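Subject: Structure handover and notes

Hello,

The structure is below, followed by notes on what was found in it. Please read them alongside the coordinates.

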Amino acid sequence: MKFVIEGLTVYFPYEFIYREQYAYMVELKHALDARGHCLLEMPTGTGKTITLLSLITSYQLANPSLAKLIYCTRTVHEMEKVLDELRRLHLYQEKEIGSSRAKILALGLSSRKNLCIHPVVSGETSRESVDAGCRKLTASWVRAAAETNLDIETCSFYQGYEKQGSEQPLPPGVYTLHDLRVYGRQRGWCPYFLARQMIQFANVVVYNYQYLLDPKVSGIISKEMQKECIVVFDEAHNIDNVCIEALSVNLRQNNLDGASRNIHKLNQIISRFKETDANRLRQEYNRLVEGLAQQGNLHGSDNWLANPVLPEDILREAVPGNIRRAEHFVAFLQRAVQYLRERLDTDTVVKEGPVSFTTTMSTAAGLDQKALKFCYDRLHSLLLTLEVTEIDEFLHVQTVCNFLTLVGTYTRGFSIIIEPYDERMPHIPDPVLQLSCLDASLAIKPVFDRFQSVVITSGTLSPIDLYPRLLNFNPVIIHSFTMTLTRDCLCPMILARGSDQLPVSSKFDMRSDPGVVRNYGRLLLEMVATVPDGVVCFFVSYSYMDGIINSWNEMGILQEVMQHKLVFIETQDYVETTLALENFRQACDCGRGAVFFSVARGKVAEGIDFDRHYGRLVIMFGVPFQYTLSKILNARLEYLRDTFQIKEGDFLTFDAVASSLRSVLRLFVYLYQRQAAQCVGRVIRSKADYGMMIFADKRYNLPNKRNKLPQWIQSQLREEHLNLSTDMAVHIAREFLRRMAQPSDPQVSKSTLLSQEDLEKMAAMPNF
């Protein structure tokens with residue numbers, strides 16, 4: 001349909017639109033008009049993706065000065081779904097306004113691992129090995145040597161791209177990662193470097209958060225993006241954690257041992273170069289006097305990572321004299337590694353700030369703070385000068401240099417914590433030196449400063465007013481939308497006690513209580529006997545899940561559960577979990593039914609969607625608080641309290657309840673078809689879907705926990721669904737399933753949808 005919002009013609013590729021989608025578009029347009037940032041929460045599964053794409057691409061058509069839409073997702077799967085939606089939208093726009101006016105170039109960009117088509121390199125198992133394999137075939141000096149020595153292998157796809165593809169833009173269209181690989185094979189061009197080249201010409205770019213938030217990556221991939229871009233962070237409920245992880249580094253003994261081996265090998269290569277090509281080292285020395293800025297002009301195949309902190313002024317400074325010469329820099333690294341070894345050799349926990357750490361480092365090891373800032377770039381320059389192609393072999397020294405550069409650059413927002421062992425396993429020595437970023441705003445601030453409008457959106461941002469404080473920005477629009485329902489097909493419940501009236505909770509002092517474990521097991525047993533098809537259970541941690549499953553097995557509860565449904569378990573191994581999920585779905589498809597045990601902060605909670613009969617019920621066993629004895633967590637809580645006046649309890653509750661809610665909501669992503677309204681019949685069928693969620697912990701009854709849930713969940717949480725016992729929850733579940741088994745009224749289901757005629761009537765209203 002085509003309709004007008006405040007003078008903007010919007011192209012929406014479906015016949016009907018949800019009311020909340022229309023309201024979302026209105027608020028999003030206000031933010032774009034104000035050239036500001038916004039926070040928008042819309043219920044999971046209500047067509048948020050197509051709503052964003054329709055409004056923003058229509059806004060681009062009306063405002064040609066807008067450079068491009070940068071759409072950031074968390075996973076490759078989500079990226080592909082966004083591009084599929086965009087392709088549908090593009091076809092509709094071409095139909096409405098013609099291919100010449102609706103011309104668009106949109107593409108997804110991912111790592112070499114997902115785009116490489118070289119028959120050997122693409123078969124490598126890890127991202128690092130694929131990057132290294134690519135570099136061995138595409139580095140400028142490798143290709144130069146291959147011109148005179150035919151025995152040296154190069155990549156024919158990169159050669160084809162450089163000869164023809166780098167000068168020829170992609171034809172207009174929407175390109176998924178699969179499309180790019182197919183196009184690359186047809187033309188004989190490398191899809192990865194082709195995509196990197198084409199993002200500067202594209203109208204829409206879809207890629208991972210890291211391409212904007214991790215400065216080592218964004219400095220290469222996103223540095224050419226204009227200010228007049230609209231940036232969208234979708235599924236951004238954990239964006240603060242992503243920001244922190246991008247600027248945090250952990251060093252263990254194996255990292256330092258590996259770095260020592262790397263340094264020894266660098267010494268050998270430098271000695272060989274002094275004998276055969278000393279002029280190359282002299283040329284590098286002269287470049288370093290002028291600064292490192294020229295590295296931004298390196299050949300695309302050589303420049304694999306940028307500076308980890310984005311200080312443009314640092315790149316233009318002269319590199320300190322004590323690390324200009326290659327041998328001096330390597331000696332500097334040796335002293336740094338030796339100092340870090342000594343700091344790891346401790347029997348007590350040590351916590352200090354960057355200033356204290358660098359001061360002690362300078363006094364004890366003679367390591368100048370200014371030189372520390374340049375370590376990462378200086379290593380990059382040295383590896384290029386020495387023509388090192390096996391970059392995967394030098395990952396340890398790169399990690400050390402990343403640490404040194406960060407600790408030498410920042411004076412606030414970081415904490416250095418040295419722990420001799422994990423407090424949960426104090427009998428096992430496992431020393432770790434952690435440079436922990438405490439301030440998420442440090443990573444995202446360049447994005448807010450650089451781009452015209454940044455949209456942070458998700459289905460679970462509640463409490464939404466905490467994000468501006470965590471990310472330290474001032475959004476022009478903050479809005480949380482409710483869900484329009486034709487019937488109560490969501491049934492959230494809070495279970496506080498078992499059938500024996502004993503309270504249940506995952507609190508540390510209660511979680512091992514046999515009564516709690518037994519009541520949790522009886523709850524599961526009663527539910528699998530009542531609920532058809534798929535049931536998914538979330539636990540607060542892997543260790544808690546292992547312990548409680550073992551206890552259920554000893555009590556005989558697990559055997560009783562398996563009489564009703566098959567049982568599958570998430571592990572920390574990705575392949576095992578993927579196989580378990582496939583078998584879980586097969587069991588549901590054949591009618592046998594299945595239970596899937598997972599972890600609230602695990603792989604399933606963050607990246608896997610369940611629809612229809614795969615997720616009729618989800619049970620959240622406990623409240624997934626972070627490990628509260630963690631030194632890093634306590635340091636961050638202290639920083640948030642002192643800097644942003646965020647109370648420790650508020651943040652912990654926000655994080656835990658949001659985590660449990662995200663775990664639950666992954667199962668209801670398709671409860672209302674993500675594609676909104678392909679046709680009336682399809683939408684009506686999706687409205688017939690249904691599901692239940694049980695928060696099994698007495699603490700969820702507390703107002704400060706419930707209030708952290710989105711309004712659209714709270715609106716479905718009836719008073720009679722609070723403080724339940726197991727037998728009461730079973731009774732409610734049976735009544736709910738009986739009610740959902742009745743056929744839905746098509747006319748009632750259609751009432752939540754707006755047609756083009758409805759929108760025109762609304763627009764004609766005086767106070768609209």
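Helices (H or I, at least four residues) and strands (E, at least two) are DSSP runs, numbered from the N terminus. The model is predicted, with local features needing pLDDT of at least 70 and side-chain atom pairs pLDDT 80 or more, while totals for chains, interfaces and linings use all residues. Residues are numbered from 1 along each chain as its sequence is written, and side-chain values use heavy atoms, without hydrogens and water.

Arg282 is part of helix H14 (residues 278–290). Its relative accessibility is 48%, so Arg282 counts as partly exposed (buried is under 20%, exposed over 50%, partly exposed in between, with a 1.4 Å probe and protein chains only). Arg325 is 43 residues from Arg282 along the chain, and their C-alpha atoms are 8.2 Å apart.

Next, H23. In this helix (residues 514–530), 12 of 17 residues are buried, including Gly515, Asn519, Leu525 and Thr530.

The axes of H23 and H24 (residues 542–555) come within 10 Å and cross at roughly 80°; the axes are lines fitted to C-alpha atoms over the stretch in contact, with angles from 0 to 180 degrees between N-to-C directions. H23 is therefore roughly perpendicular to H24 (65 to 115 degrees; under 35 is roughly parallel, over 145 roughly antiparallel, the rest oblique). In contact (heavy atoms within 4.5 Å) are, among them, Tyr520 and Leu524 of H23 and Ile548 and Trp552 of H24.

Regards
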